[in-house]
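Okay, thanks for coming, everyone. I'd like to walk you through one model today, piece by piece. Let me put it up on the screen.

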Amino acid sequence: MVIDFHAHLFNRDWLPEKFWSDLTARAVAVRRRSGQPADREEIAGNLSKVFSDPHGDVLTAEMQNAGIDYTIIMPLDLGLELGECPVDIEEKNRLIAEITRHHAGVIGAFFGIDPRRKDGVELFEKAVRQWGMKGLKLDPAAGYYPNDRIVYPFYEKACELGVPVLCHTGAAIPPFRNKYCDPIYLDDVTLDFPDLNVVAAHMGFGWWQQTAFLISKKTNLWSDISGWQTVASRDYGLFCRYLRDFLTIAGSDNVLFATDGPAFRLYGLNNRQWVDLIQNLPEKAPPGITFTTAEIDAILSKNAMRLIGKV
């Protein structure tokens, strides 16, 4: 079984206009660096088409092709930083919850909100108790530190509800400020809430060693490997070395497979390639680097099922 613990649904009205313009600029820059044609208007139009998935049907087809059995959607709330969306955050989360009901047993979702929003804790509780959402998604890159006391009522509620929190860590694309994304700030959170399971997304990216050592000292800190497809596509050996070192330091019990899709339709490895790469590590790792089948099975699904229960 394969569980994608961290993915997204991107629809035009669900994200600020500045998000789309910055994503377009990034796609243009990537194409130009690789010597490909890069017409901004064409790319902007294509992005909307590529990412439009209002009912989750594109995602489920992609999952079937990739051999992914279950995916957890992580809604983004970037409105306070980039400008509000046509669809407000409550309605966006509600629509995503509807998608999970339509694709029950295949797609689940966390509740995503900026903790600075008024009445956010009440909405979080509603999302879990009434809509069936499985946890809380936070994105500090939108302008707050995860150990800011304004976030603590959400952690208290997550403990009460018995659900985990996934928090973005590591380098973020412009215009977000990376100072908010250092995983060290989760040290306070995991200490102040010892019964709360916290997932540091993306292995902390540039802070991956720090993330690994933090996990090695705790029982309630986890991480996912989403976003590392770009490294794997550029230098397979380097990715394997980093992942091996991460598992050696942190252990494999609190590490989760994830894709951070659908952004990697544009670059890096597609989901089929990413799943195959991870599944084949016990047989195809570079010389001198080894992964066990037990480690890979834990990462691909067993750890996720321990964290969120039966899917």
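So, here's one to start with: which residue stands opposite isoleucine 73 in strand 3? It's alanine 109. Before I go on, some housekeeping: this is a predicted model, where local features need pLDDT of at least 70 and side-chain atom pairs count only at pLDDT 80 or more, while totals for chains, interfaces and linings use all residues. Residues are numbered from 1 along each chain as its sequence is written, and side-chain values use heavy atoms, with hydrogens and water left out.

When I say helix or strand, I mean a DSSP run, H or I over at least four residues for helices and E over at least two for strands, numbered from the N terminus. And two strands pair if DSSP finds at least two bridges between them.

Strand 2 covers residues 70-73, and pairs with strand 1 in the parallel sense over 3 bridges. Aspartate 4 stands opposite threonine 71 of strand 2, and alanine 7 has isoleucine 73 as its bridge partner. On the other pairing, 3 bridges join strand 2 to strand 3, again running parallel.

Where do the strand 2 side chains go? Tyr70 and Ile72 point one way, Thr71 and Ile73 the other way, and all are buried. Buried means under 20% relative accessible area, exposed means over 50%, and partly exposed is in between, with a 1.4 Å probe and protein chains only.

Strand 4 pairs with strand 5 (residues 136-138) in the parallel sense over 2 bridges, and phenylalanine 111 stands opposite leucine 136 of strand 5.

On to helix packing. Two packed helices are described by the angle between their axes and the distance between the axes. Helix 3 (residues 57-66) and helix 12 (residues 271-279) have axes that come within 8 Å and cross at roughly 35°. Glu62, Asn65 and Ala66 of helix 3 make the contact with Asn271, Arg272 and Val275 of helix 12, where contact means heavy atoms within 4.5 Å.

Next, a charged residue on the inside. Is arginine 244 buried or exposed? Arginine 244 is buried, at a relative accessible area of 12%. This arginine lies in helix 11 (residues 236-250). Leaving out residues up to four places away in sequence, arginine 244 touches Ile289, Thr290, Phe291 and Glu295. With glutamate 295 there's a side-chain to side-chain polar contact at 2.9 Å. A polar contact is a pair of N or O atoms within 3.5 Å; within protein, one must be able to donate a hydrogen and the other to accept it, and residues adjacent in sequence count only if both atoms are side-chain atoms.

Last stop, the backbone. Most residues other than glycine have a negative phi, and most peptide bonds are trans. Aspartate 119 has a positive phi, near 65°. That aspartate is found in the loop between strand 4 and helix 6 (120-129), and aspartate 119 is partly exposed at 48% relative accessible area.

Aspartate 260 also has a positive phi, near 60°, but at 15% relative accessibility aspartate 260 counts as buried. Its place is in the loop between strand 9 and helix 12. Proline 262 is found in the loop between strand 9 and helix 12 too, and the peptide bond from glycine 261 to proline 262 is cis, with omega near 10°.

Definitions and conventions: Axes fitted to C-alpha atoms, helices over the stretch in contact; angles between N-to-C directions.
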